[in-house]
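Here are my notes on the model you sent over. Have it open while you read, and jump around as you like.

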Amino acid sequence: MNGTHQGLLSQFDPSVPLEKAHCLPNTWYTSPEIARLERDRVFTQTWQAAGRRELVAKPGQFLTTDIADEPILVVRGEDGVLRAFVNVCRHRAARVCSEECGTVTKLRCHYHGWTYDLAGNLRGVPEFDGVEEFRREDNGLPPVSVAEWGPYVWVHLEKPREPLEQFLAPLPTWSDSRSALSGLVWHTRKHYDLACNWKVYVDNYLDGGYHVNTIHPGLAGVLDYREYRTTPDRNTVLQSSPMKPAEGETGRTRTGDLAAYWWVFPNVMVNLYSGVLDTNIVLPLAVDRCRVIFDLYFAADADPEFVRESLLVTDQVQTEDVGVCEEVQRNLNSRSYTTGRYSVKRENGEHYFHTMLAKALQHPV
Ligand code: FES
Ligand SMILES: [Fe+2]
């Protein structure tokens, strides 16, 4: 660790309890150095949601994405086995697959036409006769760990310290016990690009409902705010709230007895109401920009009008969050502000996130 890192990283002490703690300093939201450390010590060292599982359900189906600046390819082999690779050709580093998703029988690099089979072995090498000390078996695509849970396939760029289900615990057990994800069908993917650090978005998500009454008047009508609970557990934080009946689009589309908002370290959210699921993946694009990918799911027999109204509500809530997150990012550059305090009653989830992040950055594996 060099001096610059050390100075920046020592500005937050994860051992200070919530009641006494100051939140992450503004430099952690504005310094490219911190963004690089997060890439190398957090995003490459955790299970990351790579894409929708149903896109790679059948042999030959693949999807591509970028995680921590690495192009990634996930493909289901003819043998039914799901595999992931770094999507970088061994010849001149072009992307082997440049489509977002599709079905193939082999992987053919679009640059000079080298081909790999679905297990990543190099097969076809055009016009390479006479090249010495070159072995195809040494030039397969580098494998990446991959596993499936819930709506996603997940990859891990470094060696995983724990299997996916254990990393996600207790979310899979909770979800199974309530059959929370069963019967829901994917409807739409949307993404929002925000002019803020990815952590500003996560902080906003994890503030224990603190901003619901002020920023989301529609949503406030259906949540029993006094009973809103935040429960950190291992790599997750569950925020849950009993629901109450309300008028209007939000009241018609946010129903059931419980709203459950699961966050998984560092950047995944799974939001459940009765018959509505939306999942969010927050991807850092630069120190002051991020992309939030929403996948929306509804019951298979959902009324089209319910779906239409529900999508409007999701977009409305997201637009409200985007506005305040971008404002916060701008003001983190104010000379007047370096750090703030946490509400003990509301912001324990946010503090939990900050301590997890700080530990990962300060004590890399
Ligand atoms: S870079 Fe892939 S074949 Fe040349
Ligand atoms: Fe919000």
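1. Let's start with a loop residue. Leaving aside its neighbours within four places in sequence, Asp257 is in contact with Pro242 and Met243; contact here means that the C-beta atoms, placed from the backbone, lie within 7 Å. Asp257 and Met243 are 14 residues apart along the chain, yet their C-alpha atoms are separated by 5.3 Å. You'll find Asp257 in the loop between α9 and β14 (258-264). It counts as exposed because it has 9 C-beta neighbours inside 10 Å. The scale runs like this: buried is 20 or more other C-beta atoms within 10 Å of the residue's own, exposed is 12 or fewer, and partly exposed is in between, with C-beta atoms placed from the backbone.

2. Some housekeeping. This is a predicted model, so local features need pLDDT of at least 70 and side-chain atom pairs count only at pLDDT 80 or more, while totals for chains, interfaces and linings use all residues. Residues are numbered from 1 along each chain as its sequence is written, with chains lettered from A and ligands numbered from 1 in the order in which they are written. Helices (H or I, at least four residues) and strands (E, at least two) are DSSP runs, numbered from the N terminus.

3. Apart from neighbours within four places in sequence, its contacts are Gln11, Phe12, Thr338 and Thr339. Pro25 and Gln11 sit 14 residues apart in sequence, with 6.6 Å from C-alpha to C-alpha.

4. Now the seven-strand sheet. It is open, antiparallel in its pairing, and ordered β11-β17-β16-β15-β14-β13-β12; two strands pair if DSSP finds at least two bridges between them. β11 and β12 (229-233) are at the edges with a single partner strand each, so one side of each has no neighbour in the sheet. On average, neighbouring strands of this sheet are turned by 15° against each other, direction ignored. Inside the sheet, β15 (residues 268-273) pairs with β16 over six bridges in the antiparallel sense, and Tyr273 stands opposite Val276 in β16.

5. What packs on that sheet? α10 does, touching β11, β16 and β17 (289-299), and its direction makes about 25° with that of β11. (Axes are lines fitted to C-alpha atoms, for helices over the stretch in contact, and angles run from 0 to 180 degrees between N-to-C directions.) Helix α10 covers residues 304-331, 28 residues in total, and reaches 41 Å from its first C-alpha to its last, close to the 40 Å expected at 1.5 Å a residue; that expected span is 1.5 Å times one less than the number of residues. Ser310, Val313, Asp321, Cys325 and Gln329 are buried in α10. The partners of the buried residues of α10 include α2 (27-30), α6 (198-205) and α9 (248-253).

6. Have a look at β10 (residues 152-156) too, where five of its five residues are buried. Tyr152, Trp154 and His156 point one way, while Val153 and Val155 point the other way. β10 is joined to β1 (residues 48-52) by four bridges, running antiparallel, with Arg52 opposite Tyr152. Five bridges join β10 to β9 (residues 143-149), also antiparallel, and Val146 is the bridge partner of Val155. β9 and β10 form a hairpin with two residues between them, and Gly150 in the turn has a positive phi of about 60°.

7. Leu37, Glu38, Arg41 and Val42 of α3 meet Leu357, Ala360 and Leu361 of α11. Those residues divide into five nonpolar, no polar and two charged, where Ala, Val, Leu, Ile, Met, Phe, Trp, Tyr, Cys and Pro count as nonpolar, Asp, Glu, Lys and Arg as charged, and the others, Gly among them, as polar.

8. Last, a three-strand sheet: open, antiparallel, in the order β6-β7-β8. β6 (107-108) and β8 (122-124) are its edges, each with a single partner strand, so one side of each lacks a neighbour in the sheet. Two bridges join β7 (residues 115-116) to β8, and Tyr116 stands opposite Leu122 in β8.

Conventions: Contact = placed C-beta atoms within 7 Å.
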